[in-house]
Amino acid sequence: MLLSKAWETYESDKRIEGFSPQTLKAYRLQSILLIRYFDDLKIESITTTHLKEYLAKSSENLKPSSLANRIRFMKSLFRWSHEEGHIRKNPAAKIKEPKVGKRIPKV
């Protein structure tokens, strides 16, 4: 299954589950970036190393919070793909989010 087809099926499934439109919009942007980076590869051929290389390249221009959002999307997509039987192994399972500093509330 191509990455773009996996995204379409994932998005439909999450819409049925009741994900907010804002979450789906943010995930759609992340999916476009992921598909563009991997040239719409088959989802089964993506490895943990591929994902780490993608994140390393992305992290040059992103704040830790933005990188964490990207990782959350990837973990969700690949977890879903694994649970649905589209891939045998979840390549995003061992990827950890960066530590994000706590915001100090404004008074």
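Student: What kind of crossing does α2 make as it passes α3?

Tutor: In this predicted model, α2 passes α3 in a right-handed crossing. The contact is made by Gln-30, Leu-33, Leu-34 and Tyr-37 on the side of α2, and by Leu-51, Glu-53, Tyr-54 and Lys-57 on the side of α3. Of these residues, five are nonpolar, one is polar and two are charged.

Student: Why is α2 called roughly perpendicular to α3?

Tutor: Helix α2 (residues 21-37) and helix α3 (residues 48-59) pack at an angle of about 110°, and their axes lie 12 Å apart. Angles of 65 to 115 degrees count as roughly perpendicular, and therefore α2 is described as roughly perpendicular to α3.

Student: What makes Glu-11 count as buried?

Tutor: Glu-11, which has its place in helix α1 (residues 3-17), has a relative accessibility of 13%. Buried means under 20%, so Glu-11 counts as buried. Leaving aside neighbours within four places in sequence, Glu-11 is in contact with Leu-24 and Arg-28.

Student: Which residues touch the most other members of the largest nonpolar core?

Tutor: That core has 23 residues, and those touching the most other members are Leu-3, Leu-34, Leu-51, Phe-73, Met-74 and Phe-78. Each of α1, α2, α3 and α4 (64-83) supplies at least two residues of the core, while α4 gives the most, with seven residues.

Key: Residues are numbered from 1 along each chain as its sequence is written. This is a predicted model: local features need pLDDT of at least 70, side-chain atom pairs count only at pLDDT 80 or more; totals for chains, interfaces and linings use all residues. Side-chain values use heavy atoms; hydrogens and water are left out. Axes are lines fitted to C-alpha atoms, for helices over the stretch in contact, and angles run from 0 to 180 degrees between N-to-C directions. Helices (H or I, at least four residues) and strands (E, at least two) are DSSP runs, numbered from the N terminus. Angles under 35 degrees count as roughly parallel, over 145 as roughly antiparallel, 65 to 115 as roughly perpendicular and the rest as oblique. A crossing is left-handed if the near helix is turned anticlockwise from the far one by less than a right angle, and right-handed if clockwise. Contact means heavy atoms within 4.5 Å. Ala, Val, Leu, Ile, Met, Phe, Trp, Tyr, Cys and Pro count as nonpolar, Asp, Glu, Lys and Arg as charged, and the others, Gly among them, as polar. Buried means under 20% relative accessible area, exposed over 50%, partly exposed in between (1.4 Å probe, protein chains only). A nonpolar core is a set of buried Ala, Val, Leu, Ile, Met, Phe, Trp, Tyr and Cys residues joined through side-chain atoms within 4.5 Å.
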